[in-house]
Amino acid sequence: MRGRKPEPLVLKSKDETTLQQLLRDGQTPVRIARRAQILLNCAEAGRRVLLVSDKVDQNRTTIWRVCERYRNAGLE
């Protein structure tokens, strides 16, 4: 595989708990729930973007952007 190797996503334990609560809530907007799914799946055992994109049915670029946003700004 060409290109640079992506660094694994590591979630803070507080953020992981918050994301899981958002998914369980039932009142969370779809857009936010999708981002939570992406972050949790990317952090799980250092999953590759391609596997996550298949699991959450989103484009690889979207997965990459969500992860980069989290790395740069956290959940805020």
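Here are some questions and answers about how the words used for this predicted model follow from its values.

Q: Why is Asn 41 called buried?
A: Asn 41 has a relative accessible area of 9%, and buried means under 20%. Since 9% falls under that cut-off, Asn 41 counts as buried.

Q: Where does Asn 41 sit, and what is it in contact with?
A: You'll find Asn 41 in helix 2, which covers residues 30-43. Setting aside neighbours within four places in sequence, Asn 41 is in contact with Arg 47, Val 52, Lys 55 and Val 56.

Q: What makes helix 2 oblique to helix 3?
A: Helix 2 and helix 3 (residues 49-56) pack at an angle of about 140°, and their axes are 10 Å apart. That makes helix 2 oblique to helix 3, because roughly antiparallel needs an angle over 145 degrees and roughly perpendicular runs from 65 to 115. As for handedness, the crossing of helix 2 and helix 3 is right-handed.

Q: Which residues make the contact between helix 2 and helix 3?
A: Helix 2 brings Gln 37, Ile 38, Asn 41 and Cys 42, while helix 3 brings Val 52, Lys 55 and Val 56. Sorted by class, the residues of this contact of helix 2 with helix 3 come out as 4 nonpolar, 2 polar and 1 charged.

Q: Why is helix 2 called roughly perpendicular to helix 4?
A: The angle between helix 2 and helix 4 is about 80°, with the axes 10 Å apart. That makes helix 2 roughly perpendicular to helix 4, because the word covers angles from 65 to 115 degrees.

Q: Which residues meet where helix 2 packs on helix 4?
A: From helix 2 come Arg 35, Ile 38, Leu 39 and Cys 42, and they meet Thr 62, Ile 63, Val 66, Cys 67, Arg 69 and Tyr 70 in helix 4. The classes in the contact of helix 2 with helix 4 are 7 nonpolar, 1 polar and 2 charged residues.

Q: How do you know that Arg 71 and Glu 68 meet in a salt bridge?
A: Look at the side chains: Arg 71 and Glu 68 are 2.8 Å apart, N to O. A salt bridge needs a side-chain nitrogen of Lys or Arg within 4 Å of a carboxyl oxygen of Asp or Glu, so the pair Arg 71 and Glu 68 at 2.8 Å qualifies. A search of the whole structure turns up 1 salt bridge.

Q: Why are Arg 71 and Glu 68 separated by about one helical turn?
A: Arg 71 and Glu 68 are 3 residues apart in helix 4 (residues 60-73), which means about one helical turn separates them.

Q: What makes Arg 71 and Glu 68 partly exposed?
A: Arg 71 has a relative accessible area of 30%, and Glu 68 has 24%. Buried is under 20% and exposed is over 50%, so Arg 71 and Glu 68 both land in between, as partly exposed.

Q: Why does Asn 72 count as exposed?
A: Asn 72, in helix 4, has 66% relative accessibility.

Q: What makes Leu 51 exposed?
A: Leu 51 lies in helix 3, and its relative accessible area is 52%. The cut-off for exposed is over 50%, so Leu 51 counts as exposed.

Q: What is the phi of Asp 57, and is the residue buried or exposed?
A: Asp 57 has a positive phi of about 55° although it is not a glycine. You'll find Asp 57 in the loop between helix 3 and helix 4. With a relative accessible area of 65%, Asp 57 is over the 50% cut-off and so is exposed.

Q: Why is Leu 75 called partly exposed?
A: Leu 75 is in the segment after helix 4 and has 32% relative accessibility. That value lies between the 20% and 50% cut-offs, so Leu 75 is partly exposed. Not counting residues up to four places away in sequence, Leu 75 touches Asp 15, Thr 18, Leu 19, Leu 39 and Tyr 70.

Definitions and conventions: Residues numbered from 1 in each chain as written. Predicted model: local features only at pLDDT ≥ 70, side-chain atom pairs only at ≥ 80, totals over all residues. Heavy atoms only, no water. Helix = DSSP H or I, 4+ residues; strand = E, 2+ residues; numbered from the N terminus. Buried < 20%, exposed > 50% of the residue type's maximum accessible area, 1.4 Å probe, protein only. Contact = heavy atoms within 4.5 Å. Axes fitted to C-alpha atoms, helices over the stretch in contact; angles between N-to-C directions. Parallel < 35°, antiparallel > 145°, perpendicular 65-115°, else oblique. Left-handed = near helix turned anticlockwise from the far one by under 90°. Nonpolar A, V, L, I, M, F, W, Y, C, P; charged D, E, K, R; others polar.
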